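Colleague: I would like to go through the terms used for this model. Please set each value against its cut-off.

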Amino acid sequence: MKFFLDSALLSEIEQAYSTGICDGITMNPSLVKKAVDGLKADGERIDLEKYIKKALKTAKGTPVSLEVTDIGTAKAMVEQGKKLFKKFNPVAKNVYIKIPVNPAFDQNPGKDFDGIRAINELHKAKIPVNCTLVFTPEQALAAAKAGADFVSPFAGRIDDMLRKEHSHEFAGFSKEDYYPLNGHMHEGKMLEDNGIVSGIDLVAQIVSIFRRYGIKSQVLAASLRNARQVREAAIVGADIATMPFGVFRELARHRLTVEGMKKFTEDTPEEFRKLV
Ligand code: E4P
């Protein structure tokens with residue numbers, strides 16, 4: 001399974017790539033805002049174009065998702081997607097355009113398929129697409145049929161929602177806390193969202209459908225909150241897991257590793273140190 005970094009912060013991107021195990025980057029408008037705000041707070045002058053280009057170069061040879069923000073219509077998303085691709089892809093030939101599966105946040109039923117239409121148009125124009133904000137296997141299937149290269153189920157947000165709808169049960173829980181893959185029972189009933197019992201269950205259902213039909217789109221488990229979810233994304237067969245830098249760092253940690261290292265350091269005889 002590939003590890004992607006979910007960040008627009010150059011410092012994090014550089015650190016993740018220096019490990020040699022980072023296989024791509026996903027950005028979204030909130031992550032870009034966080035990076036821009038951080039730079040401003042440090043008194044730096046922002047040239048966002050140069051900043052993104054530097055990130056693309058750092059990630060050379062691996063995919064970087066850039067998200068559209070003109071989500072008014074399919075046409076607007078396609079136009080902006082094409083412009084983004086034209087401006088940024090020549091830098092390192094690694095741009096994927098991120099399109100929301102359904103941009104109709106104003107409940108305008110006429111727009112329900114604008115994301116799917118945009119994905120299809122970009123796919124026909126040979127521009128690679130990452131379909132984002134996927135919360136059902138049906139949305140994932142539709143995105144795959146439209147030609148999305150990556151389909152991104154948002155695991156953590158499903159868990160957030162299940163916890164929120166039963167907040168009395170989860171008092172004191174934070175976003176980063178683990179939510180069980182097989183769901184959580186409350187008063188003899190499984191908490192669920194139309195048959196989805198956890199964020200990783202959503203990923204698992206999509207993987208199983210894609211495998212059953214030999215669908216080529218890759219499942220990109222997104223909105224992951226902790227390393228255990230990354231592990232479970234791997235267990236259920238996700239092709240990619242994207243994670244914030246904090247979770248990426250967790251991948252290498254365990255308290256017994258720390259204890260073991262302390263002990264090795266204490267126990268190493270001076271004679272051994274002198275050998276090399
Ligand atoms: C993925 O592409 C998204 O940028 C991301 O995983 C969203 O995560 P969040 O739910 O923590 O905002």
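Colleague: What makes a residue one of those around the ligand?

Modeller: A residue is near a molecule if one of its heavy atoms lies within 4 Å of that molecule. The residues around the ligand are Asp 6, Thr 26, Asn 28, Lys 98, Phe 154, Arg 157, Ala 222, Ser 223 and Arg 225. This is a predicted model, in which local features need pLDDT of at least 70 and side-chain atom pairs count only at pLDDT 80 or more, while totals for chains, interfaces and linings use all residues. Residues are numbered from 1 along each chain as its sequence is written, and side-chain values use heavy atoms, with hydrogens and water left out.

Colleague: How does that shell divide into nonpolar, polar and charged residues?

Modeller: It holds 2 nonpolar, 3 polar and 4 charged residues. Ala, Val, Leu, Ile, Met, Phe, Trp, Tyr, Cys and Pro count as nonpolar, Asp, Glu, Lys and Arg as charged, and the others, Gly among them, as polar.

Colleague: Why is Leu 220 called buried?

Modeller: Buried means under 20% relative accessible area, exposed over 50%, and partly exposed in between (1.4 Å probe, protein chains only). Leu 220 has a relative accessible area of 0%, so it is buried. It lies in strand E9, residues 218–221; strands (E, at least two residues) and helices (H or I, at least four) are DSSP runs, numbered from the N terminus.

Colleague: Is Phe 210 buried or exposed?

Modeller: Phe 210, in helix H8, has 1% relative accessibility and therefore counts as buried. The C-alpha atoms of Phe 210 and Thr 265, 55 residues apart along the chain, are separated by 48 Å.

Colleague: What makes Glu 187 exposed?

Modeller: Its relative accessibility is 74%, so Glu 187 counts as exposed. Glu 187 is in the loop between strand E7 (185–186) and strand E8 (189–190). Its phi is near 45°, a positive value in a residue other than glycine.

Colleague: Which class does Asn 194 fall into?

Modeller: At 69% relative accessibility, Asn 194 counts as exposed. It sits in the loop between E8 and helix H8 (199–212), and its phi is likewise near 45°, positive in a residue other than glycine.

Colleague: Why is Asp 47 called partly exposed?

Modeller: Its value is 37%, so Asp 47 counts as partly exposed. Asp 47 belongs to the loop between helix H2 (29–41) and helix H3 (48–58).
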